[in-house]
Amino acid sequence: MEALVSGVLKSSESGCLVVSLEAEDAPDVVPVWPKGTKITNDSVTLPDGVVLKLGENVSLGGGFTTKGEYLSQAKKKCQSESVYLVCEKQSQ
């Protein structure tokens, strides 16, 4: 499941936090944050202390998933079928 996703962390039109990939035709990626993640209006702080700012380029370790419960929520709430499980520990 390990992979790296890179793009701009932003709030989508539907109000979801997403990673917008560089390719124009690529769908926004909906991250599933690990337990203990703190989200504010302008940043995401992961359990290991890594702080991600909205509007900045981010690279996240983890992996894409096709698990039904994640996909159905992402499609319903965020209009995306691209879901990425973020690893609990990220290197800085």
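View 1. Gly62 is buried, at a relative accessible area of 3%. Buried means under 20% relative accessible area, exposed means over 50%, and partly exposed lies in between (1.4 Å probe, protein chains only). The model is predicted: local features need pLDDT of at least 70, side-chain atom pairs count only at pLDDT 80 or more, and totals for chains, interfaces and linings use all residues. Residues are numbered from 1 along each chain as its sequence is written, and side-chain values use heavy atoms, with hydrogens and water left out. Gly62 belongs to strand S7, residues 57-65. Helices (H or I, at least four residues) and strands (E, at least two) are DSSP runs, numbered from the N terminus. Ala3 has Gly62 as its bridge partner in S7. Glu88 is 26 residues away from Gly62 along the chain, and their C-alpha atoms are separated by 8.4 Å.

View 2. Strand S1 (residues 3-11) runs antiparallel to S7, joined by 6 bridges. Two strands pair if DSSP finds at least two bridges between them. Gly7 stands opposite Val58 of S7. S7 is also joined to S8 by 4 bridges, and these two run antiparallel. Here Phe64 has Tyr84 in S8 as its bridge partner.

**View 3. The S1-S2 hairpin.** S1 pairs with strand S2 (residues 17-20) in the antiparallel sense, over 4 bridges. One of the facing pairs is Val8 with Ser20, its bridge partner in S2. The two strands form a hairpin with 5 residues between them. Within the turn, Gly15 has a positive phi of about 90°. Glu13 also sits in the loop between S1 and S2. Glu13 counts as exposed, at 90% relative accessibility. From Glu13 to Glu56 the C-alpha distance is 17 Å, with 43 residues of separation in sequence.

**View 4. Ser82, in the loop between H1 and S8.** Ser82 is found in the loop that links helix H1 (68-78) and strand S8 (83-86). Ser82 is buried, with a relative accessible area of 13%. Leaving aside neighbours within four places in sequence, Ser82 is in contact with Pro27, Asp28, Val29, Val30 and Phe64. Contact means heavy atoms within 4.5 Å. Phe64, in this list, is also the residue whose bridge partner in S8 is Tyr84.

**View 5. Gln79, a non-glycine residue with positive phi.** Gln79 has a positive phi of about 55°, although it is not a glycine. Most residues other than glycine have a negative phi. Gln79 is found in the loop between H1 and S8. Gln79 is exposed, with a relative accessible area of 57%.

**View 6. The open sheet S4-S5-S6.** Three strands make up an open sheet in the order S4-S5-S6, with antiparallel pairing. Strand S4 (38-39) and strand S6 (51-53) stand at the edges, each with a single partner strand, so one side of each is left without a neighbour in the sheet. S4 pairs with strand S5 (residues 43-45) over 2 bridges, in the antiparallel sense. Ile39 stands opposite Val44 in S5.

**View 7. The whole chain, for orientation.** The chain has 1 helix and 8 strands. Along the sequence they follow the pattern β-β-β-β-β-β-β-α-β. The C-alpha atoms fill a box of roughly 30 × 25 × 25 Å, taken along the principal axes. The radius of gyration is 12 Å, which agrees with the value near 12 Å for a compact globule of 92 residues. This radius is taken over C-alpha atoms, and the globule rule is 2.2 Å times the number of residues to the power 0.38. Of the 92 residues, 38% count as buried. Among contacts between residues at least 6 apart in sequence, 52% join residues at least 24 apart.

**View 8. Surface and charges of the chain.** The chain exposes about 5900 Å², and carbon and sulfur atoms supply 48% of it. Accessible areas come from the Shrake-Rupley method with a 1.4 Å probe; for residues, only the protein chains shown count as cover. The chain has 9 positive and 12 negative charges, and their mean positions are 11 Å apart. Lys and Arg count as positive and Asp and Glu as negative, while His and the chain ends are not counted. The place of a charge is NZ of Lys, CZ of Arg, CG of Asp or CD of Glu.
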